Amino acid sequence: MGYLYMFLSLTCFGLLGIFAKIADLRGCKPGAVYTLAYGWSLLFGVVFVAFFRGADFQVPFVVYEIALPFGVASVIGGMVFLAGIRYGKISTSWLVINLSAAIPAIGSIAVYHERVNQKKIAVIALAVVSVFLLWKDKQADEARNAAFNMPEGAR
Amino acid sequence: MNRSSAWLRLMAVAFVANGLGPFGLKIMAEKGLSETYHYQYLILWYAGGLAFGLIWFLATRGRFRGQELVMSFGIGMASFGGQLFSLLALERNVPGYVVFPMTTGGNLFLVAAAGVFLFRERVGAYGIAGILTGILSLILLSLG
């Protein structure tokens, strides 16, 4: 059963990227889509806690202090991402968004002074190389499109 | 500004903002709160995002369309479902070193495949190399 949940999880995360691309193709406004999406997620969360976690909504104030600003950062990330895929491909843009998982790793090193080992350095270096390669892919794509759109004699 | 510069700038902002989002979980863990209040934290996290989105949307006098309601339902369900099923898999004793690389690498392959086969995107040699390097980076990261 645990492995089924794991496959459901990866399918859901993948569908998130696919829905974002469909929303872009249908001309949906990034701000509207992500505001409503967070509204839906909030509703699902409240229903889940109400029915499966004993309707325990009491939390210390510090949880509010942590959750609210980071939720704001996240929705901004979602809106800007949806605005950005208008200019790029979902296959590469989605990777950039996932690579942002390196930020908490960097934050842990900077704020909590977690030890920097070779693996962490490799993760960050590979992420930088990956984003550079994706940007080069985008440039090559544009050059190809420009050549394709040139008048016949100019090619 | 050309399209690749626009894409890079927007992705850079999305990269930082989206990456900051989950850092709250690290703070929760450091304060010993994440075990007890994980789901409540998630609710408040979404509430923060919703509040900001509504303020921004009202300030810009935007309007919601039916299409956006449907798409956002899909995104909201996928976002909450992805987080919930990961937690449930961990609660069912699937090791974290299996759950995190599988969900990360798997979802990237799924979206890359959808980009190529469903949306007819052309990914060149640089793109393929970038995707593989990125997946390797994320798998290393999720192994802790």
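Author: Start with a term. A residue counts as buried if 20 or more other C-beta atoms lie within 10 Å of its own. Keep in mind that this model is predicted.

Reader: How many of the 155 residues in chain A are buried, as a percentage?

Author: In chain A, 52% of the 155 residues are buried.

Reader: Take one residue. Why is Leu20(B) classed as it is?

Author: Count the neighbours. Leu20(B) has 20 other C-beta atoms within 10 Å, so Leu20(B) is buried. The cut-off is 20 or more.

Reader: Where does Leu20(B) sit, and which residues does Leu20(B) touch?

Author: Leu20(B) belongs to helix 1 of chain B, residues 3–20. Leaving out residues up to four places away in sequence, Leu20(B) touches Phe70(A), Ala73(A) and Ile103(A). Now compare sequence and space for one pair. Leu20(B) and Ala51(B) are separated by 31 residues in sequence, and their C-alpha atoms are 17 Å apart.

Reader: Now the fold. What pattern does chain A follow along the sequence?

Author: The pattern is α-α-α-α-α-α. Chain A has six helices and zero strands.

Reader: What is the radius of gyration of chain A, and what would a compact globule of 155 residues have?

Author: Set the two values side by side. Chain A has 20 Å, while a compact globule of 155 residues would have a value near 15 Å. For the extents, take the principal axes. The C-alpha trace of chain A spans about 70 × 45 × 35 Å along them.

Reader: What share of the contacts in chain A joins residues 24 or more positions apart?

Author: The share is 66%, counted among contacts with a separation of 6 or more.

Reader: Next, helix packing. At what angle do the axes of helix 2 and helix 3 of chain A cross?

Author: They cross at roughly 140 degrees and come within 8 Å of each other. Only angles over 145 degrees count as roughly antiparallel. Helix 2 of chain A is therefore oblique to helix 3 of chain A. Their crossing is right-handed.

Reader: Which residues of helix 2 and helix 3 of chain A make the contact?

Author: Helix 2 of chain A brings Pro30(A), Gly31(A), Val33(A), Tyr34(A) and Tyr38(A). Helix 3 of chain A brings Val75(A), Gly78(A), Met79(A), Leu82(A) and Ala83(A). By class, this contact has eight nonpolar, two polar and no charged residues.

Reader: Widen the view. How many residues of chain A are in contact with chain B?

Author: 102 residues of chain A contact 98 residues of chain B. Helices 1, 2, 3, 4, 5 and 6 of chain A each supply at least two residues of that side of chain A.

Reader: Which helix of chain A gives the largest share of the side that touches chain B?

Author: Helix 3 of chain A does, with 20 residues. By class, the side of chain A that touches chain B has 67 nonpolar, 24 polar and eleven charged residues.

Terms used:
Residues are numbered from 1 along each chain as its sequence is written. Chains are lettered from A and ligands numbered from 1 in the order in which they are written. This is a predicted model: local features need pLDDT of at least 70, side-chain atom pairs count only at pLDDT 80 or more; totals for chains, interfaces and linings use all residues. Helices (H or I, at least four residues) and strands (E, at least two) are DSSP runs, numbered from the N terminus. The radius of gyration is taken over C-alpha atoms; the globule rule is 2.2 Å times the number of residues to the power 0.38. A residue is buried if 20 or more other C-beta atoms lie within 10 Å of its own, exposed if 12 or fewer, and partly exposed in between; C-beta atoms are placed from the backbone. Two residues are in contact if their C-beta atoms, placed from the backbone, lie within 7 Å. Ala, Val, Leu, Ile, Met, Phe, Trp, Tyr, Cys and Pro count as nonpolar, Asp, Glu, Lys and Arg as charged, and the others, Gly among them, as polar. Axes are lines fitted to C-alpha atoms, for helices over the stretch in contact, and angles run from 0 to 180 degrees between N-to-C directions. Angles under 35 degrees count as roughly parallel, over 145 as roughly antiparallel, 65 to 115 as roughly perpendicular and the rest as oblique. A crossing is left-handed if the near helix is turned anticlockwise from the far one by less than a right angle, and right-handed if clockwise.
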